[in-house]
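Here's a quick briefing to read with the model open in your viewer.

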Amino acid sequence: MSDAPEHVDVLIVGAGLSGIGAAYHLQRAFPTRSYLILEARAASGGTWDLFRYPGIRSDSDMFTLGYRFRPWLGDKAIADGDSILAYVRETAAENGIDRRIRYRHRVIRAEWSSVDDRWTVTADHDGETRTVTANFLFCCSGYYRYDEGYTPEFAGTERFPGPIVHPQHWPEDLEVADKRVLIIGSGATAVTLGPALARRGAHVTLLQRSPSYILSLPERDPTVARLRRFLPARTAYGLARAKNVLFSTAIYQLCQRYPQRMRAWIRGLQEKWLPAGYDIDTHFTPRYNPWDQRLCLAPNGDFFRAIRKGQLTMVTDTVDTFTESGLRLGSGADLDADVIITATGLNLLVFGGMELVVDGRPISLPDTMAYKAMMLSGIPNFAYVLGYTNASWTLKADLVCEYVVRLLKHMDAHGYAKATPVRDPAVGTSPFLNFEPGYVLRALEYLPKQGDRAPWKLTMNYLRDLPKLRYGRITDDAMVFERAPRDAPARAAG
């Protein structure tokens, strides 16, 4: 009986939105190729299974957050978390992908051997070590740390007698009706929680250190409803996807090129949504320009409606200390609360925290450079999904999956066993993400670098990436292809 570890052609890490999509692309392109998905948690769905706080929903429309290959047929463009989770799991079940998932397998180490031209991947399964080998490693684990969120060090937390809850660990039995609920935070989670808790009968105060840009968006897209009346579902979905890509790209580009004009435009909209004379300067005027951080969405203006109805109060200040009755602010004022929610952000965990080793050499991610924002210099047969920060995650995930399929087909056609991006020392470096939310800034020193020119320069533009990743050349001066060790290395010609 052989003691050799199980071997697959492609090993996918993560069974969330990206991992399920990657599996679909792989099995459709290579029906006979073996693959496996290792998932650290006990269920599929990733983010959409993890977060259970009230109101959890997408902050991108479902016609771009949905897969290109499977139309979103729901009524809502801005969908709730349960509907998105069902969509992901139905996709997996319909295509037999769910049978290829190993749950509670947290990958802790992946080691590449050039002698064997394969990865040896070690996972922890309920305290026991499991090993799988693979020709290609595809990391689809997202970039959030799933076991803990980010909470600053607040003074006096032991003095507060009520619940202190981080949204990442929402208790199922938390009652908020007729309670004074104080939310600390200003990002998408806080903007979602505020009106959701108000609908549950809470008296909500949202305390923010600094404001975010918040825009209202229709929960249902009237254009899509019209398209569906006259066109097949897949055609309507494709047109809605194209429309929303163009719209979101235009908004982003306008914010980058004309920030002051877009500030004024957003302010004008907010003046219509908020009560007359509301202090927009204090509560809705961020220090940064639009889209330097992700815009927050309020479906059907629910956040603004809660303010108009007196169900949600905004406070812009800092926390001095927790007290026996709530919080004391930096200004000296006190806020009373029965429940305090720390919607203070997330922690990043690159590649699920796995250790990468190449031929016995541990890889330091800050010493690597991202190739086409999906592979890393010096690491063979390895790809990862990192979605757009300024658009739907899945737009980039689908493109990366399509590129990986094309890369594997190219390797098959030419008999290559290994594909490795090799960094040119002349290429300059810059931070991996030109994006300013706290969770990114806190993690920059642990991330790879990006370069100052293609193919090492990160683009956050779907319309630019689409022709390059879906149709562009696989070969370039940065990618080195090699056959099995017995053959001499060969750099592919374009």
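A cavity here is a set of grid points where a 1.4 Å probe fits but cannot get out, and its lining residues are those with an atom within 4 Å of a point. Keep in mind that this is a predicted model. With that rule, three cavities of 30 Å³ or more turn up, and the chain is assigned two parts: domain 1 (7-146 + 347-483) and domain 2 (151-344).

**The domains**

- Taken over C-alpha atoms, the centres of domain 1 and domain 2 sit 29 Å apart.
- Contact between the two involves 42 residues of domain 1 and 38 residues of domain 2.

**The largest cavity**

- Rolling a probe the size of a water molecule over the atoms is a handy way to see where empty space is left.
- The largest cavity holds about 160 Å³ of space.
- Its lining runs to 15 residues, and the ones nearest the centre are Tyr143, Val350, Phe351, Leu386 and Phe432.
- Sorted by class, the lining of the largest cavity has 13 nonpolar residues, two polar ones and no charged ones.

**The second largest cavity**

- This one comes in at about 80 Å³.
- Why does the second largest cavity lie between domain 1 and domain 2? Both domains give residues to its lining, so that's where it ends up.
- Helix α7 (residues 233-257) is the top contributor to this lining, with five residues.
- Among the lining residues of the second largest cavity are Val245, Ser248, Thr249, Tyr252 and Gln253, along with Tyr388, Asn390, Met460 and Tyr462.
- By class, the lining of the second largest cavity splits into seven nonpolar and five polar residues, with no charged ones.

**Helices α1 and α11**

- A packed helix pair is described by the angle between the two axes and the distance between them.
- For helix α1 (residues 17-29) against helix α11 (residues 393-414), the angle is about 35 degrees and the axes are 9 Å apart.
- The crossing of α1 past α11 is right-handed.
- On the α1 side, the residues in contact are Leu17, Ser18, Gly21, Ala22, His25, Leu26 and Ala29; on the α11 side, they include Trp393, Ala397, Cys401, Val405 and Leu408.
- That contact is made up of nine nonpolar, four polar and three charged residues.

- Most peptide bonds are trans, and most residues other than glycine have a negative phi.
- The peptide bond from alanine 454 to proline 455 is cis, with omega near 0 degrees.
- You'll find proline 455 in the loop between β26 (449-451) and α13 (462-471).
- Aspartate 117 isn't a glycine, yet it has a positive phi of about 55 degrees.
- Look for aspartate 117 in the loop between β4 (106-113) and β5 (118-125).

How values were computed
Residues numbered from 1 in each chain as written. Predicted model: local features only at pLDDT ≥ 70, side-chain atom pairs only at ≥ 80, totals over all residues. Heavy atoms only, no water. Axes fitted to C-alpha atoms, helices over the stretch in contact; angles between N-to-C directions. Helix = DSSP H or I, 4+ residues; strand = E, 2+ residues; numbered from the N terminus. Left-handed = near helix turned anticlockwise from the far one by under 90°. Contact = heavy atoms within 4.5 Å. Nonpolar A, V, L, I, M, F, W, Y, C, P; charged D, E, K, R; others polar. 1 Å grid on protein atoms, 1.4 Å probe; cavity = no way out; pocket = protein on both sides within 12 Å on 5 of 7 lines; lining within 4 Å. Points joined across faces, edges and corners; volume = space filled by probe spheres on them. Domains from an automatic or database assignment.
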